[in-house]
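I opened this model to look up its sheet, its nonpolar core and its ligand surroundings. My notes are below the structure.

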Amino acid sequence: MKTPFHIMLVPTLGCPSHCAYCWSSEEGSPVMSIETLREVAEWLRDFRDDPATVTFHGGEPLLAGAAFYRQALPMLAGALSRQGCYFALQTNLWRMTPEIAEVLAEYRVPLGSSIDGPREINDLQRGDGYFDKTMQGYEIARAHGLDVSFICTFTRHSVEHREEIFQFFLENGFTLKLHPALPSLRGSEPEKWALSPEKYGELLVYLLDQALEHMGEIDVMNINDLCRCVFTRRGTVCTFADCMGNTFAIGPDGSIYPCYRFIGMPAYVMGHVRDRPTAEDLAASPAGQLMQAYKEFVDGHCGECAHIGYCRGGCPYNAITPTGGEIKDVDPHCTAYKRIFDEINDRLNDEMFNAPSMMEANPFGSRRRKPAKPGVMTLMHRIAMK
Ligand code: SF4
Ligand code: SF4
């Protein structure tokens with residue numbers, strides 16, 4: 001059976017914006033050369049027999065320019081033609097041009113972008129002018145038929161405006177994907193913007209309610225993913241699966257890491273594309289062994305947790321980087337995960353065991369009966385039908 005894998009390709013760590021809670025470098029940071037890109041393609045050609053998704057990530061990947069993508073997309077698609085290859089790109093859209101949009105449209109590359117809510121809230125945490133620049137890029141992308149979804153980072157500040165932010169996504173018809181701001185590993189005030197696990201849990205429950213209330217009007221990706229996890233009893237996104245061995249990231253110089261979040265941290269380099277490492281070589285590297293050790297730690301630490309099968313201890317990056325690479329605990333967002341998984345399971349059980357029986361329900365849909373509010377079962381049904 002084929003096991004799809006994920007490559008995050010980071011053409012540069014540079015980024016033109018200066019979001020308060022981010023760690024990217026200055027705009028002039030080195031960009032991946034075409035020689036390195038060729039090495040990446042040659043490494044991937046024989047790395048695995050499974051289908052791959054290649055996500056261009058950053059920094060800001062559009063800084064690499066149209067010429068880079070004109071070469072990268074056919075080169076990678078060609079190298080992975082036997083296995084099957086899908087592309088995606090995560091960008092703030094500032095440097096979107098008609099030229100880049102044309103190339104991306106040719107390969108139907110879906111775009112993920114970032115906007116933290118209405119202009120005022122967004123620009124407070126992402127910098128003056130961010131909102132307008134992203135929206136200009138969005139218009140160019142849409143004019144070329146590209147699909148764009150938005151990640152919304154909730155911080156300690158913006159979570160107090162959750163109603164306004166949700167309304168913004170609803171009114172604009174944007175799909176909402178939430179990302180909690182993490183303590184910065186590089187800033188002088190690591191907790192300044194970070195969203196606490198308790199607040200994150202409350203926010204997820206709020207978004208579950210909103211997703212049910214506005215079913216059919218908006219997709220809240222996290223809620224869909226969490227429900228899918230509970231429904232299938234296995235993790236369906238990287239945070240809730242054993243990502244080790246099935247996700248890798250490649251930095252601008254061709255170094256291979258377990259995930260884009262580790263890029264630029266020398267201790268987490270697993271190998272280099274020029275050496276054509278096998279999956280076994282990467283697993284045997286110190287970073288590969290650390291990731292494996294995290295998986296084993298989760299088996300013990302979370303053994304009694306009802307959600308272990310579809311949570312898997314959350315994200316290893318969140319768990320091990322704050323302690324300098326020592327495995328002392330699981331993802332600090334455990335509290336939030338437990339809260340939302342408990343909530344979904346409780347509601348599901350309630351709907352299953354307290355629903356009116358077929359005998360009681362009016363099969364002819366009496367007009368007098370007030371229609372029940374959609375619950376998680378209805379949402380799961382919609383997700384399954386997609
Ligand atoms: S380290 Fe975290 S963000 Fe990266 S692939 Fe694993 S779960 Fe996902
Ligand atoms: S909810 Fe917490 S205890 Fe349960 S599996 Fe996830 S990280 Fe482990």
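I am working with a predicted model, where local features need pLDDT of at least 70, side-chain atom pairs count only at pLDDT 80 or more, and totals for chains, interfaces and linings use all residues. Residues are numbered from 1 along each chain as its sequence is written, and chains are lettered from A and ligands numbered from 1 in the order in which they are written.

Sheet. I found an open sheet of nine strands with mixed pairing, in the order S6-S5-S4-S3-S2-S1-S7-S8-S9. Strands are DSSP runs of E, at least two residues, and helices are runs of H or I, at least four, numbered from the N terminus; two strands pair if DSSP finds at least two bridges between them. The edges are S6 (176–180) and S9 (271–272). S1 (residues 5–9) runs parallel to S2 (residues 52–56), with five bridges.

Core. I noted 103 residues in the largest nonpolar core, and Leu-44, Ala-249, Ile-250 and Tyr-257 have the most contacts inside it. Such a core is a set of buried Ala, Val, Leu, Ile, Met, Phe, Trp, Tyr and Cys residues joined through C-beta atoms within 7 Å; buried means 20 or more other C-beta atoms within 10 Å of the residue's own, placed from the backbone.

Ligands. For the shells I took residues whose C-beta atom, placed from the backbone, lies within 6 Å of the molecule. Around ligand 1 I list Cys-238, Cys-243, Cys-259 and Cys-315, among others. The shell of ligand 2 includes Cys-302, Cys-305, Cys-311 and Cys-334. Helix H13 gives the largest share of that shell, three residues.

Key. A residue is buried if 20 or more other C-beta atoms lie within 10 Å of its own, exposed if 12 or fewer, and partly exposed in between; C-beta atoms are placed from the backbone.
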